[in-house]
Amino acid sequence: MELIASTRMYDVAPAMKAAWRALLAAAHARAGLDVRCIEHAWPDPIGELWERPGLCGAFMCGWPYAAALEAGRAFKAVASVVPDWPAYAGQPRYRSEFLVRADSPWQSLADAAGSRYGWMVRDSQSGWNAPRAALAELAAAAGGALFAESKGPYGNPRGLLRALAEREIDLTAVDGWYLDLLREHDPDALAGLRTLAFTAWTPNPLLVAGPDVDAAIAGRLSDALLALHHDPACAPLLRNARVARFVRAEPGRYAALADMARAAAARGYPEIR
């Protein structure tokens, strides 16, 4: 079986794509694995990537990962990433940022009631599940729908940023880790936009191996990734990807993301509306 990898979720710019691929290639080589990094980009649905045979080092969103575990599809947790910005506090975590245009007068999420919301895809923790959980509390207090219009799917973060800048929508939520990488590699993409609020921190997307990949192979890659930050020769690779280190993924932590979805539904907010 051919082994494949993908860094699609965080290929925010050509330089970042190259950084991820170089980092994974080093880990694959150290693990003694022959793995091909494939092209898989929008508009192909990311869910199709996770169905591909032979996944061995692909980013997977935490909420679909938790849902797969509940459904008995045992993706193997290879490693989690600790981003190297201080806000991440040395932890494999992330959050979503609610974005508005810079000229918006709003100072809180509550101020955005009655506006037009834009969402990415329904199988995304950062683009759907996390913002829905934050908005559910406001919706409960407001007694129902928050927005005049809820528009989507826009498919990827770039689509949301474009829609917000071009005034198709007034508010959206985007993966904060993605935005931090974008601020470094393509800050013009965020021109005229600002952050209004944040969701709670949750476990970030993890690198996985597919259910059809031997556990010993996944373990070799995991060991290689976890050792990279101990080797000074790998410091430039980690620095270019803005990775402090890889840590062992803890599958049990991701159950909280499925609980988050159930809590929003229990509050009467199964959809962002």
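## A covered strand in a predicted model

Strand β9 is mostly covered, since five of its five residues are buried, where buried means under 20% relative accessible area, exposed means over 50%, and partly exposed lies in between, with a 1.4 Å probe and protein chains only. Helices (H or I, at least four residues) and strands (E, at least two) are DSSP runs, numbered from the N terminus.

This is a predicted model, in which local features need pLDDT of at least 70 and side-chain atom pairs count only at pLDDT 80 or more, while totals for chains, interfaces and linings use all residues. Residues are numbered from 1 along each chain as its sequence is written, and side-chain values use heavy atoms, with hydrogens and water left out.

## The sheet around β9

Strand β9 belongs to an open sheet of five strands, arranged in the order β8-β7-β9-β6-β10 with mixed pairing; two strands are taken to pair if DSSP finds at least two bridges between them. The edges are held by β8 (149-151) and β10 (193-198), each of which has a single partner strand, so one side of each is left without a neighbour in the sheet. From one strand to the next the twist averages 30 degrees, with axes being lines fitted to C-alpha atoms, for helices over the stretch in contact, and angles running from 0 to 180 degrees between N-to-C directions.

On one flank, strand β7 (residues 116-118) pairs with strand β9 (residues 171-175) in the parallel sense over two bridges. Within this pairing, Tyr 117 stands opposite Leu 171 in β9, and Gly 118 stands opposite Thr 172 in β9. Helix α4 (residues 125-142) packs on the sheet and touches β6 (96-101), β7 and β9, with its direction making about 85 degrees with that of β6; contact here means heavy atoms within 4.5 Å. Strands β6 and β9 run antiparallel and are joined by four bridges, and the bridge partner of Glu 97 in β9 is Val 174.

Most residues other than glycine have a negative phi, and most peptide bonds are trans. Against that background, the peptide bond from Trp 42 to Pro 43 is cis, with omega near 20 degrees, and Pro 43 is found in the loop between β2 (35-37) and α2 (46-50). A cis peptide bond also joins Gly 152 and Pro 153, where omega is about 5 degrees; Pro 153 is found in the loop between β8 and α5 (157-165).

Ala 89 is found in the loop between β4 (76-83) and β5 (93-94), and its relative accessibility of 46% places it among the partly exposed residues. Arg 167 is found in the loop between α5 and β9 and is likewise partly exposed, with a relative accessible area of 45%.

## Salt bridges

A search of the whole structure finds 19 salt bridges, a salt bridge being a side-chain nitrogen of Lys or Arg within 4 Å of a carboxyl oxygen of Asp or Glu. One of them brings together the side chains of Glu 2 and Arg 36, at 2.6 Å from N to O. Glu 2 lies in the segment before β1 (3-6) and Arg 36 in strand β2, so this pair ties together parts that are 34 residues apart in sequence. Glu 2 counts as partly exposed at 45% relative accessibility, and Arg 36 counts as partly exposed at 41%.

Another salt bridge joins the side chains of Arg 262 and Glu 70, at 3.2 Å from N to O. This pair links distant parts of the chain, with Arg 262 in helix α9 (residues 255-266) and Glu 70 in helix α3 (residues 62-70), 192 residues apart. Arg 262 is partly exposed at 44% relative accessibility, whereas Glu 70 is exposed, with a relative accessible area of 52%. The side chain of Arg 262 also meets that of Asp 259 in a salt bridge of 2.8 Å, N to O; these two residues are three apart in helix α9, so about one helical turn separates them. Asp 259 counts as partly exposed at 43% relative accessibility. Elsewhere, Lys 17, Arg 21 and Glu 39 are linked in a network of salt bridges.
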